[in-house]
Each structure stands twice: as C-alpha cells, then as structure tokens.
Amino acid sequence: RKFVSVNELSQPEYRDQVVWVRGRVHTSRAKGKQCFLVLRQQSSTVQCILAVNERVSKQMVKFSGNVSKESIIDVQAKVVTVPNKIESCTEQTIELCIEQLFVVSLAKPQLPLQIEDASRPENADDPEGLNIRVNQDTRLDNRILDLRTPANQAIFRLEAGVCRLFRDILTAKGFTEIHTPKIISAASEGGANVFTVSYFKESAYLAQSPQLYKQMAIAADFDKVYTVGAVFRAEDSNTHRHLTEFVGLDLEMAFKYHYHEVLHTIADTFTGIFKGLRDNYSREIEAVNQQFKAEPFKFLEPPLILEFAEGVKMLREAGIETGDEEDLSTPNEKLLGRLVKAKYDTDFYVLDKFPLAIRPFYTMPDPNNPIYSNSYDMFMRGEEIISGAQRIHDPDFLVERAKHHGIDITKIAAYIESFRFGCPPHAGGGIGMERVVMLYLGLDNIRKTSMFPRDPKRLTP
Ligand code: 4AD
C-alpha cells in the first residue's frame, strides 16, 4: 500500500487514481445509501464519499457513518475532481470515492471538546451566543484534543521555527551549543523563586537559568555559547506571562572592546528570527490569525536601541511618576511599548543601561555612572522577552557584589573560582521562548504557546 498525504492529493498524477490515505475522521454522516466523511491530517482536510455499489455494501456505509470523530482510519479511494462548492469560485476541488475503509484506532465516542468549537475565531461576532466557546482550562485539561486545532498546529510549528532559527543564526555566527545542568547546588538568580528537590541525603535546586554555567563555559574558553533548555521558577505569579517551567534560549559571548558587540549580536539574532518567521512561516501565521486576530508584528532594521533614562523620560512626559532607579512595572513597560510604537513604528526595541540596583549580582556596573549598569532588556509589543548584561569577570569584585546582595558566597565558590584562572570580558542574555512566540503572534496568554504549561495551579497533563 502506498499512502498519499492529504495535501498531495490535488497533484495531477493522482487524478482518477486509486490511492490509500490515513487520516482522522473529522466528521462523518451516513444518509441512506451514502456516507459523507471529512478526513483530516494535521490541518488539511478532504471530503470523502462512500456509496453503496458492487464493492461497497449497505452495512459498510452504515458502519462508516458510525465511526466516532477523531478515530484514525485507512481508506482506499479513487481521487475524483468535483466543482468547488464555494460560491463564485470556478476552481475544481478533489474528493475521495472510498472503496475500502479500515479503522486503525478508534476514538472514544464522547469527546470532552469538539475540534470545531476549539477552532472558532475568538472575538468573532456572535450576538445570539450560538458559537460554543471553549474556555482555557477545558482546553488545557484536554490538551491532546485542543492541540489538534489548526491554530495550535501552527503555533507549535512556528515555535519549532524560532528554536531552529536561533540555533542556525548563532551557529553561523560561530557559537557552540552547550548543555548545562538543571539540578544545581545554589540558586543562580537569587534565593526567592527557586524549587528545592531532595538529592539523596542533601537538598538541591532546579536551575532558574543556565547563567552561572554558561559563564563558566566562557571561562573554559568556548568563546561564544548558547543553550536551549528548561528553566524553572518557583514564582506564585498567576499572570498571562509567567510559567513555573519555560524554555530558555540563552547565550553568552566573550567580546573585545565593548559589551555592545554582544548587544548587537543578540539584536541581529532577533532580526534574523523575525525575518525567518515572516518569510517561511506565513501559512502558520495566517492559521493563527484566523482564530486569534492580531496586528502584524513590526520591526526595524537595524533595531531601535534606547537608553533606560530616555525611556523614563518618555514615561514622565506621558505623566507617569517613576524614579531614576526604579524598575519598570508591567503597566509602565506596556505604556512605554505603546509610546515607542507611536514614535518609531516598531514592536521590537532594546532598552540599554538599566539601573544597577535592580539587576542581579553578576551585572557589570556602568564605569561612567555607577548608578547604571552595562545591562539591557529587549521588548516585543511592550513586554520583556530577554534580559542580559555584561558580567563581572573579576573574581574579587564578583565576591564584593555577591556579598552586597546578601548571597552566601560559599554556595557559589566553584563559580567564583572559575574566574581565577583568567576569563575574558563577556556578556549575554536569556530569552523566554514562549514569550517570544506569544508576543510575535499577538496572543494574550503564555499558556497558548506552551504545549503542556506548568503554572502554580497546573501540573498536569
Ligand atoms: O529576566 P530573567 O530572569 O533573566 C535571566 O534568567 C538571566 N540569567 C538572563 C541573562 O542572561 N542575564 O529571565 C530571562 C527571560 C525573561 O526576559 C523572560 O522572557 C523569560 O526569561 N522569563 C519567563 N518566561 C516565562 N515565565 C516566567 N516565569 C519567566 N521568567 C522569566
């Protein structure tokens, strides 16, 4: 048996040929001597018909009408051309005339959610409330079915694209992919939001980031490294953009003269990712837009870079009171995003030179003005997607800064020691993958871009 995929069926070579197709029963309805069936494969569908004739019995037609939705079936069928049913469309479309049908895997007859309901456009006009909407918890509780909708199929293919582009772009720039431990002996981003796990007779932590280890790889002479992996945060934040486990796209790079060499490398990587998505994922973007409408994502080339103090100035001009050394609150971050968009027409920008007081202990102060630091965040549609900085590579200064942050330096002794054998100046950053995809597509919740999201209230499926 040679199987043909649904999206290949319209190729001329299959016209009037008998082929085998494996797919899911999207819908099925027997009426008298005929059964009408829609077969689905990922996001592609094809109409099928099964009619009583010398090869197909009445019982066969009845049986086919009763195969439950979402079951997987194999059909042997003739590919025929029929007029397209859409009005004012003169094109022909193809249909399958089924000769044999086998059930490969039967789905439960009662589905906890219907794929059509889960695929309905959000915010579509529905004055009479006839469209059944599926709420987020029902979707996530039944994620295997929910993931079969065209929008979800597209989201996770595009997400794979983001990781592939990240890897390809950095590989082309001479980076080496590394893998860092996820079970660690000390918190890398400070104490508060770390998960403790029992480790034989001791306690260990789940890594809040690959921070310390990617820097140690630089000290070990790898020069430019990146890593893609799980990051854990014990944050009891039930928001649209926090998960307790997410995928971190992290990078770290030695530089010669100025940390902006690294900042530009990261910003260019984003430009490359945005272009790659625009050029190679238009079908996925369109499929997501069909269900979740959003403005197309805009970016400038080269990206816009502003200093933190300029951002504060823009906020103050808009009537917001915010201190020079105060972090941006989520509403202020979003407002600044709107102000930047209105002024520069971009959904992506870099904010450089954050106040030192609000950055982690390993951040290099700005040598020209120590209330600031050589650190940066990048934003998409007014939300932070990466934070990064030049790191302190002088071990004695690192000890001083760690103590200033109240960190027990005996816990990070191996990290500090790694800078005692010579280490080049370096900088890097950590990106939240789910946030990038959420914001690129203009989605409203990070759970939509995590295949099996983990948050303070959800540990299954
Ligand atoms: O800002 P964060 O905590 O920075 C670090 O982890 C540093 N080690 C990075 C560096 O190299 N200096 O996290 C980095 C990014 C954030 O910008 C955000 O996109 C994402 O990780 N992120 C989260 N994503 C989902 N859920 C959460 N709870 C997140 N916390 C951070």
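Predicted model: local features only at pLDDT ≥ 70, side-chain atom pairs only at ≥ 80, totals over all residues.

Q: Where is T244 found, and what does T244 touch?
A: T244 is found in the loop between β10 (224-232) and β11. Leaving out residues up to four places away in sequence, T244 touches F195, V231, F232, R233, E235, R454, D455 and P456.

Q: What makes a set of residues a nonpolar core, and which residues have the most contacts inside the largest one?
A: The members have to be buried residues of the listed nonpolar kinds, joined through side-chain atoms within 4.5 Å. The largest nonpolar core has 55 residues, and F270, F348 and M378 have the most contacts inside it. Helix α5 (residues 150-172) brings the largest share of this core, 11 residues.

Q: Which residues does F270 touch?
A: Setting aside residues up to four places away in sequence, F270 touches F348, M378, I385, I386, I431 and V436. Contact here means heavy atoms within 4.5 Å. Apart from that core lies another one, of 24 residues, with Y14, V21, L50 and V79 among them.

Q: What is the volume of the largest pocket, and which residues are the closest to its centre?
A: The largest pocket comes in at about 1,000 Å³. It is lined by 45 residues, and the closest to its centre are E189, R233, E384, S387 and R435. Elements giving two or more residues to this lining include α6 (211-219), β11 (245-254), α10 (330-344) and β15 (383-390). The largest share, 6 residues, comes from β15.

Q: What about the second largest pocket: what is its volume, and which residues are the closest to its centre?
A: The second largest pocket has a volume of about 280 Å³. Its lining is made up of 14 residues, with Q42, S43, S44, R157 and R283 the closest to the centre.

Q: Which element gives the most to the lining of the second largest pocket?
A: That's α5, with 4 residues. Both α5 and α8 (282-291) supply at least two residues each. By class, the lining of the second largest pocket has 4 nonpolar, 7 polar and 3 charged residues.

Key
Residues numbered from 1 in each chain as written. Heavy atoms only, no water. Buried < 20%, exposed > 50% of the residue type's maximum accessible area, 1.4 Å probe, protein only. 1 Å grid on protein atoms, 1.4 Å probe; cavity = no way out; pocket = protein on both sides within 12 Å on 5 of 7 lines; lining within 4 Å. Points joined across faces, edges and corners; volume = space filled by probe spheres on them. Nonpolar A, V, L, I, M, F, W, Y, C, P; charged D, E, K, R; others polar.
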